[in-house]
Amino acid sequence: MTVDVERIIQCIKQGDQDSVQAQLDDYNTERLASALMWFIRTQLQPGVLRVCLRTLRILSRDRQALAPFITDSAILTLARLGGISSLPIPGHEEEEDREEHEQWGSACGTTSSESRPTNSSNSGSKAYSLDTHGHMREVIIETRGERRGSYRTDGIHSMLARGKRDARGERDEEGDEWYDDGEVWRKEAMKALCNVIYNSQRAQERASALKLLPGLSEKLKDSIHSAAPPSGQFYDLRLLFLLTALRPELRKQLQQARGVSMLTAVLEQCLEVRWVEDYEVVTGPRVAPISRDASQRAIEILKILFNITYSMHRQEPDEEEAALYRHLAAVLRHCLLLSCEEEELVDELQGHTVNLLSALPLQCLDVLLSVRLSKGSRESSGINMDCVHSLLLFMEKRLDRGQKLKEKLTPVLNLLTESCRGHRETRHYLRQQILPPLREVGLRPEQGDTLRSKLVRLMTHVDTDLKYCAAELLFVLCKENVGRFVKYTGYGNAAGLLAARGLLSGRGPSPQPQYSSDSDSDTEEYRQAKDKINLVTGRVEEQQPDPMEGMTEEEKEAEAVRLISMFNRLSRNKIIQPMGVTADGRLAPLCGQRRYSSLEEEEEEQEIDFEDELD
């Protein structure tokens, strides 16, 4: 580690106190981190190792002082202390160890033999260190006392964000005395490693080259067969999420290593899934709310699964893959219907479940509807609609919240749209809930608190993707029938989607084969007011006075010429662009010759007179 002494001296001469402080802080932070990285590879008591790792975890948050953390030796040390044992031993790691020992071993007054673990039969407390092959070893050292504790199973979780601390880690510190020492330092090592991987691209590249992913996968596979998952499994999953989110090659590698099957098994263990049949899980009142710790682990698993399956919906799965995705979809159905001990986790769990469902092939989602009806189930044509209703409630809840609408709403809108296209029963049920027969004809379609009104309001949202997704769902619920779509949304709201699809002329394509031929029944209120409804606004408008009442024919013609002149001027100044509907139902600029060519001189004179009036 080097320090720019000349630059510090220059800053001192200039009296730049802030720069001097910043450079010395960076130097001292890196120097401390480097010393501790060497120290934790020596023979330490559990309490000392825990404190050292906690300090390293705090230091690893500083993106400007990561140099001691991103060496192969440091990454492998933290991984091994975190319980990842299946790791390679690169040839240059021992050379790095010797260099660090020469620097820090001499400074601490230790010899090479003292810094290596040794077998001892003396009585005393346990200590841990890394042997020459990088494996954890337990040794005995003389101590005067030892503090013991028991496992604590709850946990606090908060998403890691750049520049923010991991709140779960902060809260865990308060109760470390309740943990076994081994579990504590394993968790601290994994927290530090997560920080390093998240904050350093160099560390991400080295983690990929050092094959951390296979070792981490082996650790998770071992936990599947254990009676209870390790208390630090959340951080194993967090690290796996970071690796798959930041390194595309690791996503493909985990997928090819049957990662979907492995993670589905971990998710089943986390949620304590009980199967009724091949694709049916025990749900309902018989299932107790899941704990906070289990909810957080499940969320991490769902995020990892999305990372490695997000493009699967574009591919045609083979028979084995289809069975695997159906099995996963059945577990995801269970996730949608679960309750958690804390309400805020329910929305997050359902959100990541929806994201993952939207990534799976549509033909594998039939298991969401294949569950038998039970007492209290919602149904459509004898098909269980509990899952669809849960998605509907989830969508409405996020609509009402009104925050980050594109990020939060687009996945569920797309999922419901594709489900309606693929499953007649789903479309029929959602149409009853979202587009019931019209009764209130005095309100615009976007007015009110109904689910239809909320979706119609989205059709004119400033975000193009969001408004298209909302319009597409309503269009599919109308069986892609233009007349019915305009009836429920109004022509003004529907124009955007109709223009994009080339349907502005109102003459749509022939009925789609996936839709049934059921009729659209009208209420008595709608039939009575049908002829009075303004198709543009979608409601019955109040009677307006005739603006040309009392005008002679000559005055009407003069007013028409004046309006044409105004439009021509706006068009010439490129303020507006007159458009027309082509034969194929799309908008196109009007480029033909201007009408009323014989009146050009008169128009110009009237334009001048009109400008004079405005002045």
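Predicted model: local features only at pLDDT ≥ 70, side-chain atom pairs only at ≥ 80, totals over all residues.
Two packed helices are described by the angle between their axes and the distance between the axes. For helix H16 (residues 386-401) and helix H17 (residues 405-422), the axes come within 10 Å and cross at roughly 155°. Because angles over 145 degrees count as roughly antiparallel, H16 is roughly antiparallel to H17. The crossing of these two helices, H16 and H17, is left-handed. On the H16 side, the contact is formed by Leu391, Phe394, Met395, Arg398 and Leu399, which meet Leu405, Lys408, Leu409, Val412, Leu413, Leu415 and Leu416 of H17. Classified by residue type, the contact of H16 with H17 comprises ten nonpolar and two charged residues, with no polar residue.

Helix H13 (residues 292-309) contains 18 residues and spans 26 Å from its first C-alpha to its last, close to the 26 Å expected at 1.5 Å a residue. Of the 18 residues of H13, 17 are buried, so this helix is largely enclosed by the rest of the structure.

Helix H21 (residues 482-489) is likewise largely enclosed by the rest of the structure, because seven of its eight residues are buried. The buried residues of H21 are Val482, Arg484, Phe485, Val486, Lys487, Tyr488 and Thr489. Their cover includes helix H18 (424-434), helix H19 (451-458) and helix H20 (464-477), together with helix H22 (491-501) and helix H23 (524-529).

Notes:
Residues numbered from 1 in each chain as written. Heavy atoms only, no water. Axes fitted to C-alpha atoms, helices over the stretch in contact; angles between N-to-C directions. Helix = DSSP H or I, 4+ residues; strand = E, 2+ residues; numbered from the N terminus. Parallel < 35°, antiparallel > 145°, perpendicular 65-115°, else oblique. Left-handed = near helix turned anticlockwise from the far one by under 90°. Contact = heavy atoms within 4.5 Å. Nonpolar A, V, L, I, M, F, W, Y, C, P; charged D, E, K, R; others polar. Expected span 1.5 Å × (residues − 1). Buried < 20%, exposed > 50% of the residue type's maximum accessible area, 1.4 Å probe, protein only.
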